[in-house]
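Me: I'd like to go through a structure with you. Can I put it here and ask a few things?

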Amino acid sequence: MDFRQLKQDDAAGIAEMSAMATEIVREHFDPIIGRAQNDYMIARFQTEDAIREQITHGSQYFFVSDESRRIGFLAFYPRDDAMYLSKFYLYREERGKGYSIPMMDFVIQNACSAELSFIELNVNRHNDAICAYEQLGFEVIRTEKNDIGGGFFMDDYVYRLKIEKTGKHATADK
């Protein structure tokens, strides 16, 4: 598995990331939150300008590939004592193949390099990916309902994974 970091000055890569994100997010979230809210969120968070702005402010975006074929992407940034995992996506046909484990290991390695103790993420309460996060050892620490404008809200669980100093997560041996 290969992780290629997207750089702020990589216009072609940012365009590819935006197209990939739009495709994956639309396929996955239209049935969960509806087309109108998803269109609003894509326009706000997944356009080329939005991705470039996020990178400028510290988000690290990565293409995830397996044998030279793109299978998904992830993005994260340090926030307080945690690495905040803002994007963790695979194409539909790549889900359920065990890719989430090496992807999460990559995030854990980056969190350890930054000397952080946790990984945190938000996940929509109706997202079936909740099972995957729980299998990876994440636990709910709170719920949030955030007004994102346009009359829309994000209704989420906030999950946390404790990282051991060895670079493993706390539940790795369970």
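Predicted model: local features only at pLDDT ≥ 70, side-chain atom pairs only at ≥ 80, totals over all residues.

Me: How much space lies in the largest pocket?

Reply: About 1200 Å³.

Me: Which residues lie nearest its centre?

Reply: Phe-29, Ser-86, Tyr-89, Asn-122 and Tyr-133, out of 49 residues that line the largest pocket.

Me: And how does the lining divide into nonpolar, polar and charged?

Reply: There are 24 nonpolar, 15 polar and 10 charged residues in the lining of the largest pocket.

Me: Which strand gives the most to the lining?

Reply: Strand E4, residues 82-90, with 7 residues.

Me: Changing topic. Where does Ser-18 lie?

Reply: In helix H1, which covers residues 11-33.

Me: Is Ser-18 buried or exposed?

Reply: Buried, because its relative accessible area is 10% and the cut-off for buried is under 20%.

Me: What does Ser-18 touch?

Reply: Leaving out residues up to four places away in sequence, Ser-18 touches Gln-46, Thr-47, Glu-48 and Ile-51.

Me: Now H4. What is its reach from first C-alpha to last?

Reply: Helix H4 (residues 100-113) has 14 residues and reaches 20 Å, close to the 20 Å expected at 1.5 Å a residue.

Me: Which residues of H4 are buried?

Reply: Met-103, Met-104, Phe-106, Val-107, Ile-108, Asn-110 and Ala-111.

Me: What covers them?

Reply: The cover over the buried residues of H4 includes strands E1 (2-6), E2 (60-66), E3 (69-79), E4, E5 (118-124) and E7 (152-162). E4 also gives the most residues to the lining of the largest pocket.

Terms used. Residues numbered from 1 in each chain as written. Heavy atoms only, no water. 1 Å grid on protein atoms, 1.4 Å probe; cavity = no way out; pocket = protein on both sides within 12 Å on 5 of 7 lines; lining within 4 Å. Points joined across faces, edges and corners; volume = space filled by probe spheres on them. Helix = DSSP H or I, 4+ residues; strand = E, 2+ residues; numbered from the N terminus. Nonpolar A, V, L, I, M, F, W, Y, C, P; charged D, E, K, R; others polar. Buried < 20%, exposed > 50% of the residue type's maximum accessible area, 1.4 Å probe, protein only. Contact = heavy atoms within 4.5 Å. Expected span 1.5 Å × (residues − 1).
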